[in-house]
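Dear colleague,

I am passing on the structure we spoke about, and below it you will find notes on what was found in it. Please read them with the coordinates open beside you.

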Amino acid sequence: MIQLYYHELSGNCHKARLMLSLLGLEHDLVPVDLMSGEQKSPQFLKLNPLGQVPVLTDGDVVIRDAQAILVYLARRYGDEGWLPESAELISKIVQWLSMAANEIQQGLARARLHFLFNVQTDLGLAQKKAHQVLQILDEHLAQRPWLECDRPTIADVACYPYVGLAGDGKVSLEAYPHARAWINRIKQLPGYIGMPGL
Ligand SMILES: N[C@@H](CCC(=O)N[C@@H](CS)C(=O)NCC(=O)O)C(=O)O
């Protein structure tokens with residue numbers, strides 16, 4: 001049985017949870033109490049030495065990092081559309097996974113951490129980076145319904161949660177109509193599941 005170690009307010013965890021749901025995969029959710037520091041316990045550090053969620057286990061396979069989990073689930077359980085074989089398409093999708101793990105974290109996710117969890121941050125810089133990413137996404141999505149391949153892929157699943165949660169970081173989506181339409185398209189997907197704030 002697949003197990004997902006997660007926290008319900010984590011956008012990174014939601015990427016994995018959403019993918020499991022879109023693929024219709026049975027799984028157990030194992031809550032990790034980030035507030036009490038359970039992710040730094042010796043037991044959890046054996047699963048992920050970085051002391052972070054999400055972690056997915058599938059039998060003997062243990063995977064940390066939301067983007068890596070999406071790759072695993074798509075290849076192991078999804079049809080080819082979620083992560084195509086072609087060198088060009090796979091590299092385009094990895095560009096978005098990288099943006100989800102870097103620029104989106106430094107901007108949208110960081111601003112959300114400030115307001116939701118009182119994490120010390122340079123809020124102005126985080127919000128500036130958030131708008132830079134939103135501008136790129138909006139221009140890209142003005143030409144196409146999905147980030148790549150004319151269908152939903154793991155690129156969409158990776159970028160979606162923190163864009164959808166922008167309001168938590170007091171980042172307005174008003175100027176980004178194409179990104180808002182994309183959010184609505186994702187919400188219509190069969191198997192879509194939300195989280196608090198989405
Ligand atoms: N690169 C990782 C980052 C994971 C991450 O930042 N997880 C946060 C929750 S969203 C966490 O576990 N924070 C607790 C901590 O660092 O102690 C991923 O994409 O999954």
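**Helix packing around H7**

The crossing of helix H4 with helix H7 is left-handed. Please keep in mind throughout that this is a predicted model. H4 covers residues 87-101, and its axis lies 9 Å from that of H7, with an angle of about 15° between the two. Because angles under 35 degrees count as roughly parallel, H4 is described as roughly parallel to H7. On the H4 side the contact is made by Ile93, Trp96, Leu97 and Ala100, while H7 contributes Ile154, Ala155, Ala158 and Cys159.

The crossing of H3 and H7 is right-handed. From H3, the residues that make the contact are Gln67, Leu70, Val71 and Ala74, and from H7 they are Ile154, Val157 and Ala158. The residues of the contact between H3 and H7 comprise six nonpolar and one polar, with no charged residue.

**The largest pocket**

The largest pocket in the model has a volume of about 750 Å³. It is lined by 28 residues, of which Ser10, Asn12, Gln52, Val53 and Tyr162 are the closest to the centre of the pocket. Helix H1 (11-22), H3 and helix H5 (103-117) are the elements that each give two or more residues to this lining, and the largest share, six residues, comes from H5. By residue type, the lining of the largest pocket divides into 13 nonpolar, 10 polar and five charged residues.

Thr121 sits in the loop between H5 and helix H6 (123-141). Once its neighbours within four places in sequence are set aside, Thr121 is in contact with Arg110 and His114. Thr121 and Arg110 are 11 residues apart in sequence, and their C-alpha atoms are 7.3 Å apart in space.

With best regards

How values were computed: Residues numbered from 1 in each chain as written. Predicted model: local features only at pLDDT ≥ 70, side-chain atom pairs only at ≥ 80, totals over all residues. Heavy atoms only, no water. Left-handed = near helix turned anticlockwise from the far one by under 90°. Helix = DSSP H or I, 4+ residues; strand = E, 2+ residues; numbered from the N terminus. Contact = heavy atoms within 4.5 Å. Nonpolar A, V, L, I, M, F, W, Y, C, P; charged D, E, K, R; others polar. 1 Å grid on protein atoms, 1.4 Å probe; cavity = no way out; pocket = protein on both sides within 12 Å on 5 of 7 lines; lining within 4 Å. Points joined across faces, edges and corners; volume = space filled by probe spheres on them. Axes fitted to C-alpha atoms, helices over the stretch in contact; angles between N-to-C directions. Parallel < 35°, antiparallel > 145°, perpendicular 65-115°, else oblique.
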